[in-house]
Amino acid sequence: MSEGDTSESTPHPDDPPDGDERYLLRNRRQIRGLLKSLIDQRSLVSAHLGGRDQSFPTAVLELDEDGEWVLLDASHNEAVNRAVEGAGHLLCFAQLDHVRVRFRLDAPERIAREGHVGFRAALPQTLYHLQRREFYRLATPITESPTCVIQVTAATGRPVELRLRVIDISGGGLAVNLAPGMPLLELHRTYPDCVLELPDCPPIRVPLTICSQYQQTLPNGTDSYRIGVRFGALPRGADESIQRYIFRVDRQRSARKSGVF
């Protein structure tokens, strides 16, 4: 994510990801261990300035021996570094072995060592680590991807129907991309009358709750918003239809890799 991007809308640090507190860690030893793993694996961290639509790529550089503070790399953009100094806190997002990690750093303090700038902050009191996936998530094929229809209200007050290609799907939710110019969705809001259209399956009406929303740059250079949503109560038989689609596509991919298909 480039510096200055509109971020995944900065949720409150005590809001559990996807509404589940099972993944909230408070044990300092565990928190320190995960941050050390971010250092060892040189994991990219996306740091979002609290209360601002601004972020920058960074990395965890160091933990002190007593586990009291953490050192975050500064930006190459001096204007961003000045903004960090006045931000009050940073919300940091990363992945560790393909598992999401989120933590908050309060009152980042700018320091310089041997000409290198970084930001030091107290060890976070809590850290989210989604230790396992509740559902297998499938990246959908472009040629046979589901469609999600969401009814929203445009800035003019008129209702707008968004027909969006589903880019990944699981038994618990899905993700879509919003193209530039499309109205943004409201984080944590439930859109009650949405439609999921699977190939070779009747439309499924299901409420969708917006869980995440962040800007990303696509391979062709254009910017879009990736939206993660969670299913509400699925109608009878819908879960089986979703799992059949996932199984069929996954089986076809495995067959192609093995040369059978």
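Student: Is Arg 163 buried, partly exposed or exposed in this predicted model?
Tutor: Let's work from the relative accessible area, which is 47% for Arg 163. Buried needs under 20% and exposed needs over 50%, with partly exposed in between. Since 47% falls in that middle range, Arg 163 is partly exposed.

Student: Where does Arg 163 sit in the fold, and which strand is that?
Tutor: Look along residues 159-169, a stretch that forms a strand. Arg 163 lies in that stretch, so its place is strand S13.

Student: Which residue's side chain makes a polar contact with the side chain of Arg 163?
Tutor: Start with what Arg 163 touches, not counting residues up to four places away in sequence: Thr 147, Cys 148, Val 149 and Glu 197. One of these also has a side chain in polar contact with the side chain of Arg 163, at 2.7 Å. That partner is Glu 197.

Student: How far apart in space are Arg 163 and Ile 150?
Tutor: In sequence, Arg 163 and Ile 150 are 13 residues apart. In space, going C-alpha to C-alpha, the distance is 6.7 Å.

Student: What about Ser 145, is it buried or exposed?
Tutor: Ser 145 is in the loop between strand S11 and strand S12. Its contacts, leaving aside neighbours within four places in sequence, include Arg 165 and Tyr 245. Its relative accessibility is 15%, and the cut-off is under 20%, so Ser 145 counts as buried.

Student: How many disulfides does the structure hold?
Tutor: A disulfide is a covalent bond between the sulfur atoms of two cysteines. Cys 92 is buried at 0% relative accessibility, and Cys 211 is buried at 16%. Still, the number of disulfides in the structure is zero.

Key
Residues numbered from 1 in each chain as written. Predicted model: local features only at pLDDT ≥ 70, side-chain atom pairs only at ≥ 80, totals over all residues. Heavy atoms only, no water. Disulfide = S-S within 2.5 Å. Buried < 20%, exposed > 50% of the residue type's maximum accessible area, 1.4 Å probe, protein only. Helix = DSSP H or I, 4+ residues; strand = E, 2+ residues; numbered from the N terminus. Contact = heavy atoms within 4.5 Å. Polar contact = N/O pair within 3.5 Å; in protein donor to acceptor, adjacent residues only side chain to side chain.
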